[in-house]
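This report walks through one protein model, from the sheet to the helices. Keep the structure open while reading.

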Amino acid sequence: WEQVKAAGVEFAMIRAGWRGSEQGVLAEDTYAQINYSGAAAAGIQVGAYFFSQAISVEEATEEANYLLSIIKDWNVEMPVVFDWEYIDDTSRTGSVDARTLTDCTKAFCDTVAKAGYQPMVYFNTNHSYENVYIRELTQYPFWLARYDTVLDYPYKIDMWQYSETGSVPGIAGNVDINLYFPWE
């Protein structure tokens, strides 16, 4: 993490946990606490995200509370993020419709906000056009995954993940690269 900081990285979005796409079991990321400790010790601002596979508002709320229990002792200076991603038609989330997913997103973000954190919604372009009612979510900051050299997206975003094949000293293998430009 010292090498990461020396390379100019200012923040890290740490995966705190996830829900399995087959059985729906909640799990803490094995490296969440280690990554938090390393980033914080190096002076890197930290945010957290939860890889959701919620199929109901109740599950989304459960995920938010689970995430909050993981990060309760962290100094979180960046957003706390709802990251729901489509797997395939055979997963337990394969038939989640846009109404349900929009309501899940709101439930997660509202739970995070009530706990005093800044919620954020992660998605890619297709997800925002096909899987949610994006206009109902504009009260939350957006984190867009769009691997390109030009950002063209019709909604205001606060974070842009522009590469999934980045390289950062101190991190083995490919790493997601993001720009953060929150709106005042």
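Contact here means heavy atoms within 4.5 Å. The model is predicted: local features need pLDDT of at least 70, side-chain atom pairs count only at pLDDT 80 or more, and totals for chains, interfaces and linings use all residues. Residues are numbered from 1 along each chain as its sequence is written, and side-chain values use heavy atoms, with hydrogens and water left out.

**The sheet**

Helices (H or I, at least four residues) and strands (E, at least two) are DSSP runs, numbered from the N terminus. Two strands pair if DSSP finds at least two bridges between them. Eight strands form an open sheet in the order β2-β1-β3-β4-β5-β6-β7-β8. Its pairing is mixed. β2 and β8 (175-180) are the edge strands; each has a single partner, so one side of each lacks a neighbour in the sheet. On average, neighbouring strands are turned by 30° against each other, direction ignored.

**Strand β3 and its partners**

β3 runs parallel to β1, and seven bridges join the two. β3 also pairs with β4 (residues 80-84), again in the parallel sense, over five bridges. Some opposing residues are listed here.

| Residue | Opposite residue in the named strand |
|---|---|
| R15 | Y49 in β3 |
| F50 | F82 in β4 |

Buried means under 20% relative accessible area, exposed over 50%, and partly exposed in between (1.4 Å probe, protein chains only). Seven of the eight residues of β3 are buried, so the rest of the structure largely encloses this strand. S52 lies in β3. Its relative accessibility is 0%, so S52 counts as buried. Leaving out residues up to four places away in sequence, S52 touches E63, F82, D83, W84 and E85.

**Helix α2**

Which residues of helix α2 (residues 32-41) are buried? They are A32, Y36, G38 and A39. The buried residues of α2 pack against β1 (11-19), β2 (26-28) and β3 (45-52). G43 follows the helix, with a positive phi near 85°.

**Helices α3 and α4**

Two packed helices are described by the angle between their axes and the distance between the axes. Axes are lines fitted to C-alpha atoms, for helices over the stretch in contact, and angles run from 0 to 180 degrees between N-to-C directions. Helix α3 (residues 57-70) and helix α4 (residues 98-114) pack at about 30°, with axes 8 Å apart. α3 and α4 are therefore roughly parallel, a term for angles under 35 degrees. Their crossing is right-handed; that is, the near helix is turned clockwise from the far one by less than a right angle.

On the α3 side, the contact is made by V57, A60, T61, E63, A64, N65, L67 and L68. α4 contributes D103, C104, A107, F108, T111 and V112. These residues divide into nine nonpolar, three polar and two charged. Ala, Val, Leu, Ile, Met, Phe, Trp, Tyr, Cys and Pro count as nonpolar, Asp, Glu, Lys and Arg as charged, and the others, Gly among them, as polar.

**An exposed loop residue**

T149 sits in the loop between β6 (142-145) and β7 (159-166). Is T149 buried or exposed? T149 has a relative accessible area of 74%, so it is exposed. Its C-alpha atom is 7.1 Å from that of Y162, which lies 13 residues apart along the chain.

Note on methods
Angles under 35 degrees count as roughly parallel, over 145 as roughly antiparallel, 65 to 115 as roughly perpendicular and the rest as oblique.
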